[in-house]
Amino acid sequence: MTSLSSTLDDAGAKPVAARGFPLPILALALAAFAIGTTEFVIMGLLPAMAQDLAVSLPRAGLLVTGYALGVALGAPPLAALSAAWPRKRALLVLIALFIAGNVLSAIGGGYWTVMAGRIVAALAHGSFFGIGAVLASELVAPDRKAGAIALMFTGLTLANVLGVPLGNLIGQEWGWRASFGAVAGLGIVAAIALVALLPKTKDADAGAQAGNDWSVLKRPQVLIALALTAVGFGGIFTAFTFIAPMLAEVTGLTPGWITGVLFLFGLGLTIGNTVGGRLADWKLMPSLMGVLVALAIVQGLLAVVLDWQWPTIVTVFVWGMAAFATVPGLQMRMMQQAPDAPALVSTLNIAAFNLGNAGGAWLGGWMLTHGASLRSLPMAGAGLAVVGLGLAVLSVVIERRAR
């Protein structure tokens, strides 16, 4: 790792890019770890939360939907509000909001108080990753931008390897509220790292604020990229939201084994994220389309093997790899379509990720409510991956015709 020797100018001037990855990206990754933990730890806690809050499992699943909608709806106004702020200040305000939301979830007395805490924490998510992705890409050489974004998102994937299993163990030992309290403490550690490691930044000038022109949404390729993110990635949550009951009721795994499978899923996310960053820096759209094909196949396979424990465990690991191999490419594709407004479109793409997550979680709950089996959820996710592949092909065709 290399240290950052120059000051980053929010108005658009970039420091001399080193071949390595600067230390500030590690601070961003640590914050991403905290945010990822609170987003995903709830999957393993859903049955206990449903029982403690006296609600059905599908209604408890709406806590996942509520978080994702908080990200999707909170990102645009917060992007506009923070457009003129120095990026360091914006990121610190957002991590403070994240901490407050998790404290509220930990101490909330009823379902709606917990939902409010989830939404407050979610409001910080979209803008944090949007601003952080742009900052990370500006700190490295041009041919390493997707890799830098992937490194920041490694914090999110490691949350599934370490944060989510640990959060589940804390929840099993001391209750699910303790899990959210631990995440709030993790957020405080991340805030200290951001203060210490992020470079000082200047106030945005008029030129930088012009880069937050919402007219970019009139561009067809921007809209297609947003839809590709929402549909291609969001289908993962149709099944993943209900991964704990699916593994328990269909596969027959015990709670301890489910924690181990979640660890493997997170390990797959981490590997897939790294590989996806390298592939996106190599050939963006061909690799992205290939990953979507793999994602569709793996989710379809999961529905077939759920009755057998070891095939299910292996498939869940590969599913994690395919899932997050899409992320660096989807983020780079969006920034590629609006280089004049990178922070805005990057934030909007994070909103699209979570709008897709909300839609996927809602679809899974809707299917269960209307009599579908847990086994059918991965097949629905596979179908949405195919739709995402179609959008990617459409984007490439339009691009080629324009040339």
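Let's start with a term: a residue is buried if its relative accessible area is under 20%, exposed if over 50%, and partly exposed in between (1.4 Å probe, protein chains only). You're looking at a predicted model, where local features need pLDDT of at least 70, side-chain atom pairs count only at pLDDT 80 or more, and totals for chains, interfaces and linings use all residues. Residues are numbered from 1 along each chain as its sequence is written, and side-chain values use heavy atoms, with hydrogens and water left out.

**Exercise 1. Find L217 and work out whether it is buried, exposed or partly exposed.**

Step 1: go to the loop between α8 (206–210) and α9, where L217 lies. Helices here are DSSP runs (H or I, at least four residues; strands are E, at least two), numbered from the N terminus.

Step 2: check the area. L217 has a relative accessible area of 29%, so this residue is partly exposed.

Step 3: look for partners, with contact meaning heavy atoms within 4.5 Å. Setting aside neighbours within four places in sequence, L217 is in contact with V222, L223, L226 and L348.

Step 4: From L217 to P378 you cover 161 residues in sequence and 32 Å in space, C-alpha to C-alpha.

**Exercise 2. Sort A54, N168 and D143 by accessibility.**

Step 1: A54 sits in the loop between α2 (42–52) and α3 (57–81). With a relative accessible area of 69%, A54 is exposed. Take a look at the backbone too: A54 isn't a glycine, yet has a positive phi of about 60°.

Step 2: N168 belongs to helix α6 (residues 145–174). The relative accessibility of N168 is 2%, so N168 goes in the buried group. Not counting residues up to four places away in sequence, N168 touches V41, G44, L45, T259 and L262.

Step 3: D143 is found in the loop between α5 (111–138) and α6. A relative accessible area of 47% makes D143 partly exposed. D143 and G268 are 25 Å apart in space, C-alpha to C-alpha, and 125 residues apart in sequence.

**Exercise 3. Describe how α13 packs on α14.**

Step 1: get the geometry. Axes are lines fitted to C-alpha atoms, for helices over the stretch in contact, and angles run from 0 to 180 degrees between N-to-C directions. The axes of α13 (residues 284–305) and α14 (residues 309–325) come within 9 Å and cross at roughly 155°.

Step 2: name the arrangement. Under 35 degrees counts as roughly parallel, over 145 as roughly antiparallel, 65 to 115 as roughly perpendicular and the rest as oblique. α13 and α14 are therefore roughly antiparallel to each other.

Step 3: list some residues. The contact includes V291, A294 and L295 of α13 and P311, T312 and T315 of α14.

Step 4: sort them by class. Ala, Val, Leu, Ile, Met, Phe, Trp, Tyr, Cys and Pro count as nonpolar, Asp, Glu, Lys and Arg as charged, and the others, Gly among them, as polar. The contact of α13 with α14 has 14 nonpolar, 3 polar and no charged residues.

**Exercise 4. Now do the packing of α12 and α14.**

Step 1: helix α12 (residues 255–282) and α14 have their axes 6 Å apart, at an angle of about 35°.

Step 2: pick out who meets whom. Among them are W257, V261 and L264 in α12, and W310, I313 and V316 in α14.

Step 3: count the classes. The contact of α12 with α14 divides into 16 nonpolar, 5 polar and no charged residues.

**Exercise 5. Track down the aromatic pairs.**

Step 1: learn the rule. Rings of Phe, Tyr and Trp (its six-membered ring) pair if their centres lie within 6.5 Å; planes under 30 degrees apart count as stacked, over 60 as edge-to-face and the rest as tilted. That rule gives 13 aromatic pairs.

Step 2: inspect F233 and F353. Their pair is edge-to-face, at 5.1 Å centre to centre with 90° between the planes. F233 lies in helix α9 (residues 220–234) and F353 in helix α16 (residues 342–369), so the pair ties together parts 120 residues apart in sequence. Both F233 and F353 are buried.

Step 3: zoom out. Ring pairs link F233, F237, F240, F265, W319, F324 and F353 into a cluster.
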